[in-house]
Amino acid sequence: MTTPSGRVATVSVIVPCRNEEGYIAACLDSILASDYPRASLEVLVLDGRSDDGTRRILDDYASRYPIIRVLENPRRIASVAVNLCIRAARGEILVRMDAHLVYPTNYIGDLVAALEQTGADNVGGVLMTLPANQTAMARAIAIGTSHPFGVGNAYFRIGIREQRWVDTVAFFCCRRETFERVGMFDEELPRGEDEEFNGRLLQHGGRTLLVPSVVAYYYARDTLPKMARMYHQYAYFKPIVARKLGRVVTVRQLVPPGFLLAQATTTILSPWVDAAGFLSGATAAAYLLAVLGFSITAGRKAGFRGIAALAIVFPVLHFSYGLGFLRRTVELALGPGGAPRSSEVPLSR
């Protein structure tokens, strides 16, 4: 992207990171391979006091590549890291990237071009989900977390064919002035900060664009417990985001908790209300048939073991998400409310 004077716009890449020893080198290599002019690029990595080998890798890259700066994130949560980077960044355009991903060479340039050409306030790309390893379960997790039955119409996860305006994107590519107008990221949110920011942007008359030609490659969690913890945490902060914005961002967030609540209610009432027992059984049977059907169609290339693993992944994903949403909803209803302190929420990696 060029400025009105024809000069290439300066870009600051923002990478929050903590304990990413297995992924950070590949991430930085992919950023350094970008076709965006090196002289107009800087990379700010916010390390959240990693206690594995991440910091050693970061220091090595910073010593070899002058465009990389490593900063400290003492509070160790992403929203704080992003705000620190926004304040420290020198670029006119700010691009958030994640340490758990690798990026094609066109990622930065195409996002920046879309920002200029479309008049959008924020643009983002599609996440192509890859398995962390080649076990049947890891491959099933990658399929389940990028399938409409697993994550609904989260377009940045399931993909689209043409550009479209959306409620949120995974990360961001924004002009610096956007943050001056809308505000920074909410540091009360260890999770869901992107969604809350995009919701606030929409309330200020801004627009968020998803660009399908820009694809980043995301490595999914490799075990069911890791996936379950992550989706429980994702959902746990959704009611807080909704309360801050004054509305639920999208209906898809309500489907898993709504299903669990309806199923629990009809099951509890079934000893006294015949219709409730019928509804409970019919709903459970319909859900199990859907799980089986989508597991077969989505996992057919992975063979029997892949289908069987996917038939476990879908319910674990839905129930983890639903329970996380309902748990926080109940806490907000019974307690004083507000987001828990980041120290009270052990974020999974």
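Is Glu 196 buried or exposed, going by relative accessibility? At 4% relative accessibility, Glu 196 counts as buried, since the label covers anything under 20% relative accessible area, with exposed meaning over 50% and partly exposed in between (1.4 Å probe, protein chains only).

## Ground rules

Keep in mind that this is a predicted model, where local features need pLDDT of at least 70, side-chain atom pairs count only at pLDDT 80 or more, and totals for chains, interfaces and linings use all residues. Numbering runs from 1 along each chain as its sequence is written, and side-chain values use heavy atoms, with hydrogens and water left out.

## Around Glu 196

Glu 196 sits in helix H9, residues 193–203. Helices here are DSSP runs (H or I, at least four residues), as are strands (E, at least two), numbered from the N terminus.

Leaving aside residues up to four places away in sequence, Glu 196 touches Asp 186, Leu 189, Val 241, Lys 244 and Leu 245. A contact means heavy atoms within 4.5 Å.

## The whole chain

The chain has 14 helices and nine strands. Its radius of gyration is 21 Å, close to the 20 Å that the globule rule gives for 349 residues, so the chain is as compact as a globular protein of that length. That radius is taken over C-alpha atoms, and the rule is 2.2 Å times the number of residues to the power 0.38. Along the principal axes, the C-alpha atoms fill a box of roughly 75 × 45 × 40 Å.

Buried residues make up 51% of the 349. Of the contacts with a separation of 6 or more, 78% are between residues 24 or more positions apart.
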